[in-house]
Amino acid sequence: MEIFNQKVAKNYNQWYVINTRWDELEKRLILKLIKPDYGKTLLDIGCGCGWHLKWFKDLGLKVWGVDKSPFMVKEANRFLGENIVEVMDAENLKFNDESFNFVTLITVLEFTKNPEKVLKEALRVAQE
């Protein structure tokens, strides 16, 4: 059984709406780690239903997202209003080396079979 099935995907972003304090803390921490200059590129691996992608997009970044769950991808593209998220395995990203200024993994590694491989892939597609 897939953890992130259609029922979970339909309601996933509600968690952030209800837990505003947690969302605020996450975003504050992210802004301490990266400086999202307008027009820079960002890939969110395991983007779920696109909650953070929307925020990154609103900050002026050019965003892409990948998630293993087709249900989450469908909801993300609906939530974002465009098809910028695709189904992809985080252990085998279909992007060239150094394709993105930033790569994020927010609440992802605990759901992967091989976190080390996912991190290596993230580092491969991120610019130094």
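Which residues in α3 meet which residues in α4? Asp 23, Glu 26, Lys 27, Ile 30 and Leu 31 in α3 meet Trp 51, His 52, Trp 55 and Phe 56 in α4, where contact means heavy atoms within 4.5 Å. By class, this contact has five nonpolar, one polar and three charged residues; Ala, Val, Leu, Ile, Met, Phe, Trp, Tyr, Cys and Pro count as nonpolar, Asp, Glu, Lys and Arg as charged, and the others, Gly among them, as polar.

This is a predicted model, with local features needing pLDDT of at least 70, side-chain atom pairs pLDDT 80 or more, and totals for chains, interfaces and linings using all residues. Residues are numbered from 1 along each chain as its sequence is written, and side-chain values use heavy atoms, leaving out hydrogens and water.

Now the geometry. Helix α3 covers residues 20–33 and helix α4 residues 51–58; they pack at an angle of about 50 degrees, with axes 12 Å apart. That makes α3 oblique to α4, oblique being what is left after under 35 degrees (roughly parallel), over 145 (roughly antiparallel) and 65 to 115 (roughly perpendicular).

Next, the second largest pocket. About 260 Å³ of space lies in it. Its lining includes Trp 22, Glu 26, Leu 29, Phe 102 and Val 103. Helix α3 gives the largest share of that lining, five residues. The classes in the lining are nine nonpolar, two polar and one charged. Glu 26 and Ile 30 belong to the lining, and both also take part in the contact with α4.

Notes: Axes fitted to C-alpha atoms, helices over the stretch in contact; angles between N-to-C directions. Helix = DSSP H or I, 4+ residues; strand = E, 2+ residues; numbered from the N terminus. 1 Å grid on protein atoms, 1.4 Å probe; cavity = no way out; pocket = protein on both sides within 12 Å on 5 of 7 lines; lining within 4 Å. Points joined across faces, edges and corners; volume = space filled by probe spheres on them.
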